[in-house]
Amino acid sequence: MDENALINDAQHGDLEAFNRLVLAYQDLVYTQAYRIMGEQATAEDATQEAFINAYRNLSHYRGGSFRAWLMRIVTNACYDELRRQRRRPSVPLEPVDDYGEEIESPRWDIDPSDLPEDEAVRKELRSAIQTCLNRLPPEFRTVVVLVDVQGMDYTEAAQAAGAPLGTVKSRLARARLRLQECLRGFWELLPPSYRLQGEN
Amino acid sequence: MKPLSPHDWETLSAYLDGELSSQEKARLEARLWKDASLRNALDELGRTRLALRNLPRLRAPRNFTLSRKMVAVKPAPRLYPFFGFASALATVFLLVVLLMDFLGFGEPARPPVALMQLTQTAIQVAAERNITPAEESLPAPTEAIAASQLAAPPPEATPASPEMPMAKRAASEETALPTETPVVAEEGLALKMVAPETETPADSGEATPTDPALREGISSVEVATDTIQVEEATPAPTETPVFTETQWPTETVTLTETASPTPSPIPTATDTPTPEIIASETATEAPLLATAVAALPPTPLPTQSALTSAEVRPTTLQWAEGGLAAFALLSGLLGLALYLWRRRS
């Protein structure tokens, strides 16, 4: 069944049709939530909240990119969660990886000799990028994740971020510049093959 | 190396995403060909972008499918709509009460404050002039006189020669005045006023115009003839002003009412001609308005403080307005607080 039919059925109260949409988009939505939130537990909460809000507000969907509409809902859920965190700050006791599993040996404690070189470097690079993403203001983070991680074009990203096209363009450039400065020291630690890959 | 401007970084970023127009793209490529630092900046930005794009898409750690229980709408707190409804209802009642107050419903029956104040003024003026009412009881002025006096503009005292006989004087005034309606001197309307010898400028042979304050007081008494029984007035005590017939010729006051260009609102203008009130010493049976003034009982007059307190005291409608406004405000604030609390939670 195509997406529009599922959306139409869900708009008429068919929860089963909506759950099929959930299964189709949950990785995308969770990735967005995780890249914005930077940790699994809150990303899961934001994802669940986003789908509940999406179902309740499905009558407001007027066509267009369903993906962008969902991205906007999950982005707003993340902003709400970030505001709650700011009111009640908490520090996780144990670090977790991208998949929510507790990291027994965090990045700063990794011995590269324990892992194959490529895997160790890739993991370290991902951690570094996520750390630099977390340092960005949420608005910049959202745009750069939408465009560079989710692969949206500017128009779709503007729709998902709820911002004008010019604002998206500007935020994206500034976010990339900040990430570049954040990652600059890290490039020197990468093996030459990765540096060349980046330049290619 | 010249640092790049924010606009340059924005252009480079859009160039990497293929979001520049052909013209912008050609202009930037021309700069890149010449400027090595710009090329380095583009390379570094491209590397960052590539690293971000190489991030793997994460797999959801679990399914986020929804159940009926999860999407059930939470019932709103019961008090919130109640307070909202109560506030709206109180506002509606407040508007109704305000409207009633505006239209004058529910006003308590108050004494004619302005009238009594005017009467008091008349008494004071009369007392200052040391005028005493006549010894004999005199009939009260008729309502027609009162109405005509009330309707007409304040009469002007016409100076007249003291040597001229009263009737002749009246006649001369009647002919001299350019009135449209005939001026009638009625014997019954004659007003006799005598001022003390010491205060009377009659020795000099000049007629004194009627005191405006006194006339105002007399008019107010005439207005009050509906409620004040002048006929029952007993001779006033010696301290009250007294009008005597014998002392009158020294000061003759002629109250002339002429027809004004604008029609008088009182129907007596057509039924009876506009009266000319002439103080005459021959009109012994004429009603003495000043006697009525003097005959007013002094005690029932409200004092100034009593009048003020009567005006300040809120009426039932004002109490209702205050109560409803307070209730509407309180319930509205409570409803708003509950609403905000619900949103926060």
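Author: Here is a short tour, from the whole chain to single residues. This is a predicted model, where local features need pLDDT of at least 70, side-chain atom pairs count only at pLDDT 80 or more, and totals for chains, interfaces and linings use all residues. Residues are numbered from 1 along each chain as its sequence is written, chains are lettered from A and ligands numbered from 1 in the order in which they are written, and side-chain values use heavy atoms, with hydrogens and water left out.

Reader: How many helices and strands does chain A have?

Author: Chain A has nine helices and zero strands. Helices (H or I, at least four residues) and strands (E, at least two) are DSSP runs, numbered from the N terminus.

Reader: What share of chain A is buried?

Author: Of its 200 residues, 48% are buried. Buried means under 20% relative accessible area, exposed over 50%, and partly exposed in between (1.4 Å probe, protein chains only).

Reader: And contacts inside the chain?

Author: Take contacts in chain A between residues at least 6 apart in sequence: 67% of them join residues at least 24 apart. Contact means heavy atoms within 4.5 Å.

Reader: OK, on to the partner. How many residues of chain A are in contact with chain B?

Author: 49 residues of chain A are in contact with 36 residues of chain B. The area buried between the two chains is about 4,200 Å², and carbon and sulfur atoms give 60% of that. Buried area is the accessible area (1.4 Å probe) that two parts lose on being put together, summed over both.

Reader: Which salt bridges are there?

Author: The rule finds four across the interface of chain A and chain B. One of them joins D17(B) to R176(A), with the closest N and O atoms 2.9 Å apart. A salt bridge is a side-chain nitrogen of Lys or Arg within 4 Å of a carboxyl oxygen of Asp or Glu.

Reader: Which element gives the largest share of chain A's side?

Author: That is α2(A), with 12 residues on the side of chain A that touches chain B. By class, that side has 23 nonpolar, 12 polar and 14 charged residues. Ala, Val, Leu, Ile, Met, Phe, Trp, Tyr, Cys and Pro count as nonpolar, Asp, Glu, Lys and Arg as charged, and the others, Gly among them, as polar.

Reader: New topic. Is Q180(A) buried or exposed?

Author: Q180(A) counts as buried because its relative accessibility is 1%. Q180(A) is found in helix α8 of chain A.

Reader: What does Q180(A) touch?

Author: Leaving aside neighbours within four places in sequence, Q180(A) is in contact with W9(B), A41(B), E44(B), L45(B) and T48(B). A polar atom of the Q180(A) side chain lies 3.2 Å from the backbone nitrogen of L45(B).

Reader: And where is Q150(A)?

Author: Q150(A) is in the loop between α6 and α7 (154-161) of chain A. Q150(A) counts as buried, because its relative accessibility is 6%. Its side chain makes a polar contact with the side chain of Q32(A) at 3.1 Å. A polar contact is a pair of N or O atoms within 3.5 Å; within protein, one must be able to donate a hydrogen and the other to accept it, and residues adjacent in sequence count only if both atoms are side-chain atoms.

Reader: Last one. Which residues of α7(A) are buried?

Author: Y154(A), E156(A), A157(A), A158(A) and A160(A) are. Their cover includes α4 (66-87), α6 and α8 of chain A, together with α1 (6-16) of chain B.
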